[in-house]
Amino acid sequence: FLLARGRNLSVPLAMMVALVGALNGWIICWGASDWFGALGAFAWLPWAWWGMERALDPRRTKWRFLWPAPFVYLLVTGGFPYTVLMLSLVAGWLAVKSLGQTKRLASLGPLAIGMALGFGLSAPAWLALFDYVHGSARAEQANPGSHWQWLVPPAALPGFVWPAWTVNWTDFSTHSRPHMAIELACGTVPPLALSAGLLFLRGRFVRRMKWELGLLVVVLLIA
């Protein structure tokens, strides 16, 4: 909600963003149902994003580097490695965006210090994670392809709008089988809003949202 309000969205639209972020199919069907570590870690990702943006805001005080530190710490100690990868992606995107806008490498200083503090505070969690990964079943799997399970097939993308959309996905047994795209369910509003912007505003929409659209493309390619 705060992230959306920081982009000058109205209160109803910001509430929609909050509902989509907190109650999407991945959070409910995977985080809340199967992986509490994923749920607990992801809860701090929007806060870390919010803190990192404040750290990069030159209008704030010299102590702005403190904003992301506690949220990065809480995210890492949530215990879900993939959320740390999400955090790294968002941090990298914010860094590139800041460099593109300011053309000054020094503008990244507060963000780098805040991230370093957060990761430093979470050092005990890192030590536990390394100990857990060493010798685990997933680390010892002989088939390298097993680490690429559950990549989203492009044919499943309509699931963002229609959760019952069913195509073949590869499951944890590396078998291709019919699967409903329930993880992609996030309500019809975001894809419809994006489509409307591209259709009716076209170049003006792309120029205004170019950084967000770039992040969206990168995330889809990774997924």
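Why is the sulfur of cysteine 29 too far from the closest cysteine sulfur for a bond? In this predicted model, the closest cysteine sulfur belongs to cysteine 186 and lies 12 Å away, whereas a disulfide needs the two sulfur atoms within 2.5 Å. Cysteine 186 is accordingly in no disulfide, and the structure holds 0 disulfides.

Side chains of opposite charge can pair when their charged atoms come close. The structure holds 4 salt bridges. One of them joins arginine 7 to glutamate 53, with 2.6 Å from N to O. This pair links distant parts of the chain, 46 residues apart: arginine 7 sits in the loop between helix H1 and helix H2, and glutamate 53 in helix H5. Both partners are partly exposed, arginine 7 at 29% relative accessible area and glutamate 53 at 24%.

Another salt bridge, between lysine 97 and glutamate 212, has an N to O distance of 3.6 Å. Here helix H7, which carries lysine 97, is linked to helix H12, which carries glutamate 212, across 115 residues. Lysine 97 is buried, with a relative accessible area of 16%, and glutamate 212 is partly exposed, at 22%. Salt bridges with shared partners also join Asp57, Arg59 and Arg60 into one network. Arginine 59 is exposed, with a relative accessible area of 76%, whereas aspartate 57 is buried, at 13%.

Technical notes:
Residues are numbered from 1 along each chain as its sequence is written. This is a predicted model: local features need pLDDT of at least 70, side-chain atom pairs count only at pLDDT 80 or more; totals for chains, interfaces and linings use all residues. Side-chain values use heavy atoms; hydrogens and water are left out. A salt bridge is a side-chain nitrogen of Lys or Arg within 4 Å of a carboxyl oxygen of Asp or Glu. Helices (H or I, at least four residues) and strands (E, at least two) are DSSP runs, numbered from the N terminus. Buried means under 20% relative accessible area, exposed over 50%, partly exposed in between (1.4 Å probe, protein chains only).
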